[in-house]
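This briefing goes through one protein structure, topic by topic. Keep the sequence and the 3D view open while reading.

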Amino acid sequence: MGTLSELMAFLDASPSCFHAIQNLTDRLSAQGYTALEEGRSWDLIPGGKYYVTRNQSALIAFRLPEGRPTGFMLSASHSDRPCFKVKEKPELESGCLRLAVERYGGMLMAPWLDRPLSVAGRVLVRTEEGIRSRLVNLDRDLCMIPNVAIHMNRKANEGYAYNPAVDLIPLVGSLESKGEFDRLLAEAAGCAREDILGSDLFLYNRDRAKVWGAKEEYLSAQALDDLQCAWATMEGFLNARPGKSVPVCCVFDNEEVGSNTMQGADSTFLRDTLQRICHGLGMDYRSSLAGSFLVSADNAHAVHPNHPEYADQNHRPVMNGGIVIKFNANQRYTTDGVSAAIFRTACERAGVPTQTFCNRADLAGGSTLGNISSSQVSIHTVDVGLPQLAMHSCYETAGVKDALYLEKAMGELFAMSLIPGQWGVTIE
């Protein structure tokens, strides 16, 4: 079983989607999983343990049973978070040196101001062996987005509309620091400046994960949405007992911007992987899907203590109250009666509490991985999440118990198998 301290260490060590996937693949490798490459043939054997990545920012891990599988038991989470992406040629001169950035995803902007920030991601480097990708983390208090003083903006506390092209440009140094950002980047990548051919870099909050509260009941950190679920589903996957199905743990990228990329949930990544597993084991792909199930794990809204009016009257999840099962009549969440019953069965077997969430009828919610991945792989799917506050802030808050609840529930679910019938399903 994973621990809260291990979750916190994972969050602190994952300042970008690339670092998150690297940390997860390191965990898999340490547990004896074999890395596969999409560009090569796969030699799969019963009892084998494997993983495959795409774009360094998405991951699918799976484990094969000794006997003939009955289907797939899957989870899906995502590696990205709303943040600022560093533009190409980022240095801006305006009495000092600033970094040109643009918004990635639907972020809360105000929390980014007046706090130490840094830069992490990957750079593509020219080498004698060809172009190589190297992860970088400048890992220092590098820049900050300063607020305008109240004397110059008297209406700042009356609801301020931030202009991201003006108000949210980070300060990185004086004019004497011109060229220093490129030097720091090259140093972190272990190459000359002229050998950097491309990059995918993001700002991140330097505040580390913290446990707090009168009884230390809360956890605050960067990217709880959705690295909390990525960690918990992976731990459940690794610790699940053997079953008759193929357990599959997916972590996609780009959920925050629609998933319509080669490494997103709306890509062919999952379908390609499942079809290759079926081909390698001599399974029929379509009949295997009939006995399959997906848990779309993407964090949920806890009822806000200062604004309970935003929550639906009978659906008010609380932090540390258990896993949230999410419902939406228009299928923004894919949960229906069948998938809710299957997931609740897994939670009951694991001794894990559950809660329910529906948006207030006059407040639209966001979509998540379940309905998007269904366009590529159509199976019974439940949308769940861990209750949190300040979703899409650069520093979010959740309960200390809920990730461990999800780990236990997924450990039970990955060991289950489904036998579909005309009017229902039998769970083994």
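Ala35 has Tyr51, in strand S2, as its bridge partner. The model is a predicted one. The pair belongs to a parallel pairing, in which three bridges join S1 to S2. Strands of a sheet pair through backbone hydrogen bonds, either parallel or antiparallel.

**The nine-strand sheet as a whole**

- S1 and S2 are part of an open sheet of nine strands, in the order S1-S2-S3-S13-S4-S14-S18-S16-S17, and its pairing is mixed.
- Strand S1 (34-36) and strand S17 (354-358) are the edge strands, each pairing on one side only.
- From one strand to the next, the twist averages 25°.
- S2 pairs with S3 in the antiparallel sense, over six bridges.
- Within that pairing, Lys49 has Arg63 of S3 as its bridge partner.
- S2 and S3 form a hairpin with three residues between the strands, and Asn55 there takes a positive phi near 65°.
- Strand S3 (residues 58-63) also pairs with strand S13 (residues 246-252), in the antiparallel sense and over four bridges.
- Here the bridge partner of Leu59 is Val251 in S13.

- S16 and S17 run parallel and are joined by five bridges.
- Lys326 has Phe357 in S17 as its bridge partner.
- In a regular strand the side chains alternate between the two faces of the sheet.
- Which residues of S17 lie on its covered face, and which on its uncovered one? Gln355 and Phe357 make up the covered face, while Thr354, Thr356 and Cys358 make up the uncovered one.

**The five-strand sheet**

- A second open sheet has five strands in the order S11-S12-S20-S19-S15, again with mixed pairing.
- Strand S11 (210-212) and strand S15 (300-301) stand at its edges with a single partner strand each, so one side of each has no neighbour in the sheet.
- S15 runs parallel to strand S19 (residues 387-389), and two bridges join them.
- Ala300 has Pro387 in S19 as its bridge partner.
- Helix H4 (residues 224-239) lies across strand S12 (218-221), S19 and strand S20 (396-399), at about 40° to S20.

- Beyond its neighbours within four places in sequence, Thr397 is in contact with residues including Trp212, Tyr218, Met319 and Gln388.

**Helix H2 against helix H4**

- Two packed helices are described by the angle between their axes and the distance between the axes.
- Helix H2 (residues 17-30) packs with H4 at an angle of about 10°, and their axes are 12 Å apart.
- That angle makes H2 roughly parallel to H4, because angles under 35 degrees count as such.
- H2 contributes Ala20, Leu24, Arg27 and Leu28 to the contact, and H4 contributes Leu227, Met234, Glu235, Phe237 and Leu238.
- By class, seven of the contact residues are nonpolar, none is polar and two are charged.

**Backbone details**

- Asp225 and Asp226 are joined by a cis peptide bond, with omega about 20°; Asp226 is in helix H4.
- Lys89, in strand S5 (residues 83-93), has a positive phi near 45° although Lys89 is not a glycine.
- Lys89 counts as exposed, at 79% relative accessibility.
- Asn254, in the loop between S13 and H5, has a positive phi near 65° and is likewise not a glycine.
- Asn254 is buried, with a relative accessible area of 9%.

**A loop residue**

- Asn153 sits in the loop between strand S8 (130-137) and strand S9 (171-173).
- The relative accessible area of Asn153 is 16%, and the residue is buried.
- Leaving out residues up to four places away in sequence, Asn153 touches Val148 and Tyr160.

Technical notes. Residues are numbered from 1 along each chain as its sequence is written. This is a predicted model: local features need pLDDT of at least 70, side-chain atom pairs count only at pLDDT 80 or more; totals for chains, interfaces and linings use all residues. Side-chain values use heavy atoms; hydrogens and water are left out. Two strands pair if DSSP finds at least two bridges between them. Contact means heavy atoms within 4.5 Å. Axes are lines fitted to C-alpha atoms, for helices over the stretch in contact, and angles run from 0 to 180 degrees between N-to-C directions. Angles under 35 degrees count as roughly parallel, over 145 as roughly antiparallel, 65 to 115 as roughly perpendicular and the rest as oblique. Ala, Val, Leu, Ile, Met, Phe, Trp, Tyr, Cys and Pro count as nonpolar, Asp, Glu, Lys and Arg as charged, and the others, Gly among them, as polar. Buried means under 20% relative accessible area, exposed over 50%, partly exposed in between (1.4 Å probe, protein chains only).
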